[in-house]
Structures are given as structure tokens and as C-alpha cells.
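Please read it with the model open beside you.

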Amino acid sequence: MKPHQLILAPSLLAGDHANLAASAARVAGAGLEWLHLDLMDGRFVPNLTFGPETLAALRRAGCRLFFDTHLMLAEPHRYIDSFAKAGANLISVHIEPAYDHGATLARIRELGCQNGIVLNPGTPAEAILPVLDQVDLVLVMTVQPGFGGQPFRRDMLPKLRTIDGWRRERGLAFRLEVDGGIDVATGRECRAAGADTFVAGTSFYKADDARTFSADFAGI
Ligand code: DX5
Ligand code: ZN
């Protein structure tokens with residue numbers, strides 16, 4: 001399989017929550033296509049963010065970015081229809097909570113979205129083996145989810161190598177995404193370990209110039 005092109009997906013969590021449309025526009029203005037949206041329920045993670053109405057409002061405001069929707073929810077299967085309707089393009093769900101992962105991933109595709117499966121730092125790579133052949137994306141968390149601005153977990157690099165190895169051996173075409181503490185330097189390490197899709201919250205929104213940041217990132 002031909003390796004995927006690198007994608008940088010800024011996380012709106014690190015944007016200005018009083019002006020999310022402008023924060024999304026900064027992404028488009030940097031020539032990027034993906035926007036990462038972090039949905040938290042205060043149960044699966046100890047924090048709250050926004051909901052489907054936020055996605056719908058961004059669409060109404062004219063945002064045409066690819067919505068990479070990361071559901072950090074205890075019961076994600078209950079909400080995927082709402083997120084698809086609100087304008088999500090990709091919906092990723094965690095492997096850790098107990099629900100029917102296979103049926104949920106299938107339902108996401110039925111709704112016309114791409115699907116993704118996510119692993120927390122403490123979850124072994126093997127946990128996703130049962131669904132590996134039915135996903136468009138695997139997201140390896142490189143921090144404990146819940147908050148932006150945490151340091152990158154370098155001990156996640158072997159997990160990336162393992163999953164990238166399975167992808168090659170099995171001829172699968174899913175994207176391999178990393179999320180948490182990603183900047184140009186840590187992104188480069190993940191790239192070398194097989195990642196092709198990079199979520200960047202703090203590093204993107206703190207950069208003086210988003211275009212320069214995205215150009216630097218493209219060269220990792
Ligand atoms: C963490 C979220 C991340 C977060 C990343 O729970 O899943 O997407 O926004 O933020 P940074 O890049 O600041 O670590
Ligand atoms: Zn995320």
C-alpha cells in the first residue's frame with residue numbers, strides 16, 4: 001500500500017471558545033483541510049467541551065473543513081447519528097468503554113462518515129485487533145485524554161510501530177493518527193514510527209504564524 005500523505009489536524013479545543021468560527025478559519029487560512037474536534041462528556045474523561053450543535057453552527061457559519069470528530073464519551077454509540085447529522089466527516093470512538101464497537105463502527109460508515117478507533121495510553125495495541133480490518137483510522141493517544149497542553153508521551157512510540165507493522169503485514173489502508181503534545185519535533189518522532197495524521201492543539205494555536213507552522217509541519 002502507498003503510504004498516506006501527511007495530514008495536520010489542528011484541535012479546536014486550543015482555539016478561542018468565544019469565537020470558534022474564527023479559530024476554525026485560522027486552520028483554513030493556513031491551507032489545511034482537517035479540523036479536529038474534541039467531544040468530552042465529563043464521564044469518560046473529567047472535562048466537558050462542546051456538542052453536535054457546535055459542529056452544526058460551524059457549518060452554518062460557512063466552515064467547510066473536514067471534521068475529524070473525536071468522541072471521548074462513555075456511551076459514544078448513542079450520539080453518532082447526531083454528530084453525522086451535524087456535519088462530522090470522520091467519527092472516532094474509544095475502544096475502552098463497553099458497547100458494541102463493531103456495530104458502532106459499521107453504523108458510522110452507514111451514515112456516510114469515515115470511522116476511527118481510539119486507544120488511551122494505558123490500553124495495549126492488541127485491544128483493537130478485533131476491529132482493525134473495519135476502520136478508516138486508528139488514533140493513538142499520546143497523552144491521557146481530557147485536557148490540551150499536556151506533555152507528549154514518548155512511550156507511545158512502540159505502540160505506533162506495532163500498529164503500523166500490522167497495517168503493512170495485513171495490507172490495510174487505515175490512517176494512523178496521534179493526538180496529544182504534538183509539535184514539529186514530537187510529530188517527527190511519530191512520523192518515523194508510522195503516523196501519518198497529526199492532531200496539534202496548543203502548538204498550532206500558539207504559533208505566531210499558522211501558515212509558517214503548517215509549512216514547517218509538512219516538512220517533518
Ligand atoms: C486531549 C485531546 C486533544 C487535545 C490536544 O484530550 O484529545 O485533541 O486537544 O491538545 P494538545 O495538542 O495541546 O496536546
Ligand atoms: Zn483529540
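With which side chain does the side chain of H94 make a polar contact of 3.0 Å? The points below begin with the ground rules and then take up this residue.

1. Basis of the note. This is a predicted model, in which local features need pLDDT of at least 70 and side-chain atom pairs count only at pLDDT 80 or more, whereas totals for chains, interfaces and linings use all residues. Residues are numbered from 1 along each chain as its sequence is written, chains are lettered from A and ligands numbered from 1 in the order in which they are written, and side-chain values use heavy atoms, with hydrogens and water left out.

2. The histidine in question. The partner is H70, whose side chain lies 3.0 Å from that of H94 in a polar contact (a pair of N or O atoms within 3.5 Å; within protein, one must be able to donate a hydrogen and the other to accept it, and residues adjacent in sequence count only if both atoms are side-chain atoms). A polar contact of 3.4 Å also joins the side chains of H94 and N120. H94 belongs to strand 4 (residues 90–94), strands being DSSP runs of E with at least two residues and helices runs of H or I with at least four, numbered from the N terminus. H94 counts as buried because its relative accessible area is 0%, the limit being under 20% with a 1.4 Å probe and protein chains only. Residues touched by H94, leaving aside those up to four places away in sequence, include F44, Y99, H101 and M141, where contact means heavy atoms within 4.5 Å.

3. The zinc site. H70 is also one of the ligands of the zinc ion (ligand 2), which is coordinated by H36 (NE2), D38 (OD), H70 (ND1) and D179 (OD) at 2.0 to 2.3 Å. Donors here are N, O and S atoms within 2.8 Å of the metal (3.2 Å for Na, K and Ca), and since water is not among the atoms, sites may look incomplete. The six donor atoms subtend angles of 69 to 166 degrees, and the arrangement is therefore octahedral: for six donors this requires opposite donors over 155 degrees apart and all others between 65 and 115. Along the chain, the donors follow the spacing H-x1-D-x31-H-x108-D. Distant parts of the chain are linked in this way, with H36 in strand 2 (residues 34–40) and D179 in strand 7 (residues 175–179), 143 residues apart. H36 is buried at 0% relative accessibility, and D179 is buried at 8%.

4. The aromatic cluster. F198, F204, Y205, F213 and F217 form one aromatic cluster, rings of Phe, Tyr and Trp (its six-membered ring) being paired if their centres lie within 6.5 Å, with planes under 30 degrees apart stacked, over 60 edge-to-face and the rest tilted. The search of the whole structure finds five aromatic pairs. Among them, F204 and F213 are edge-to-face, at 6.0 Å centre to centre and 80 degrees between the planes, while F213 and F217 are tilted, at 5.8 Å and 40 degrees. F213 and F217 are separated by about one helical turn because they are four residues apart in helix 8 (residues 210–218).

5. Helix 2. The buried residues of helix 2 (residues 52–60) are T54, L55, A56 and L58, and they pack against helix 1 (20–29), strand 2, strand 3 (66–72) and helix 3 (80–86). Just after helix 2, G62 takes a positive phi of about 100 degrees.

Note on methods:
Tetrahedral: all angles 85-135°; square planar, octahedral: opposite > 155°, others 65-115°. Buried < 20%, exposed > 50% of the residue type's maximum accessible area, 1.4 Å probe, protein only.
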